[in-house]
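I opened this model to look up its cavities and its metal site. My entries follow.

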Amino acid sequence: MVVVMKEDATREQIQNVIARLMEENFDVHQSTGVSRTIIGAIGEKRGLDTRKIAILDGVHEVLRITEPYKLASRTFHPDNTVIRIGEVAIGGDEVVVMAGPCSVESEEQIDRIAAEVSRAGAKILRGGAFKPRTSPYSFQGLGEEGLRLLREAADRHGLLAVSEGMDRSKIDVVAEYADILQVGARNMQNYDLLRELGKIRKPVLLKRGMSATIEETLMSAEYIMSGGNYEVILCERGIRTFEQYTRNTMDISAIPVFQKLSHLPVIADPSHGTGIRDKVAPLARAAVAAGANGLMIEVHHEPECALSDGAQSLYPEQFVRLMQECGIIAEAIGKRLPQSRPVAAAGS
Ligand code: PEP
Ligand code: MN
């Protein structure tokens, strides 16, 4: 259930409600919005007469959260969650772009791509160091060395960094180098991993599983949030359907649905969503038009030589153009997508 406090509720009144809920053995989560505090009480307790809580001083109303996901639900947190990392805010008016290669391959490669995407206006550098590959014989990533190269390139070009941790044992090392930890589509229901990510205090980018429903995705977000880590970014990256032409079917409709059901930021990954270079830009534009809070785009300066996902990686000049187009679309719907940035002076 959710306890909505009055706008002028005092700290003592809030503490009193929390204490009463804890006496009833609820797991209590507090969320302080722009105008009022909301207290989420999670637990199996049935039969509690909610009037006992509703009559406490400072309480505006008590609502039952009927969705199976509670902390991820918009009922619990009516305002959008805005995740702030340094100067970047994900979930606000700005469409935040994460871009980079599928995998970090070498210092030269990641530095070159970081320079290109930063110049075009991306804020976050992506690059896998631990790669979930369908074949055990494919390139598996550079491991910790890849993370170090990603971090250094991001720092050199004024970017944040996002990278995937494939299992519990990799969380610490990824968290040491990256600003955002990615959970890949294949791991969306790795509940051990999700629980561990609930214990850290870094944002998590949770990709929708390729056969996961919207509700299952929100339940996975709930796993992370129930551990106390509320900074979850949902990512629509295409789902498996009967269609064979594209690698996946990019589910644009999931974007407004996630945003209706949840307060969490939603980004779109049309690179994995389509798997075909010339389909990435149209679906990226569609995602921005549908209200996505951000994009994740694979970019490579020599995609024909890429060690993974070259066929869906944009050339840097295509990425620049896409940023310009998405900037126009963002503006048309009252958002912003800042573009090219001043080039940092050499050595700075
Ligand atoms: C990736 O981001 O490179 C990746 C492997 O994505 P997904 O988990 O969506 O397939
Ligand atoms: Mn990839």
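**Cavities, then metal**

I began with the second largest cavity, which is lined by Gly165, Ile171, Leu181, Gln182, Val183, Leu193 and Leu197. A cavity is a set of points on a 1 Å grid over the protein atoms alone where a 1.4 Å probe fits but cannot get out, and lining residues have an atom within 4 Å of a point.

The model is predicted: local features need pLDDT of at least 70, side-chain atom pairs pLDDT 80 or more, while totals for chains, interfaces and linings use all residues. Residues are numbered from 1 along each chain, chains are lettered from A and ligands numbered from 1 as written, and side-chain values use heavy atoms without hydrogens or water.

I noted that this lining has 5 nonpolar, 2 polar and no charged residues. Gly counts as polar. Strand β10 gives the largest share, 3 residues. I put its space at about 30 Å³.

I searched the whole structure and found 2 cavities of 30 Å³ or more. Strand β9 (residues 160-164) gives the most, 3 residues.

Next I checked the manganese ion (ligand 2). Its protein donors are Cys102 (SG), His272 (NE2), Glu298 (OE) and Asp309 (OD), at 2.1 to 2.4 Å. Donors are N, O and S atoms within 2.8 Å of the metal (3.2 Å for Na, K and Ca). His272 in helix α9 and Asp309 in a loop are 37 residues apart.

Is His272 buried or exposed? I logged His272 as buried, because its relative accessibility is 9% and buried means under 20% (1.4 Å probe, protein chains only).

Conventions
Helix = DSSP H or I, 4+ residues; strand = E, 2+ residues; numbered from the N terminus. Buried < 20%, exposed > 50% of the residue type's maximum accessible area, 1.4 Å probe, protein only. 1 Å grid on protein atoms, 1.4 Å probe; cavity = no way out; pocket = protein on both sides within 12 Å on 5 of 7 lines; lining within 4 Å. Points joined across faces, edges and corners; volume = space filled by probe spheres on them.
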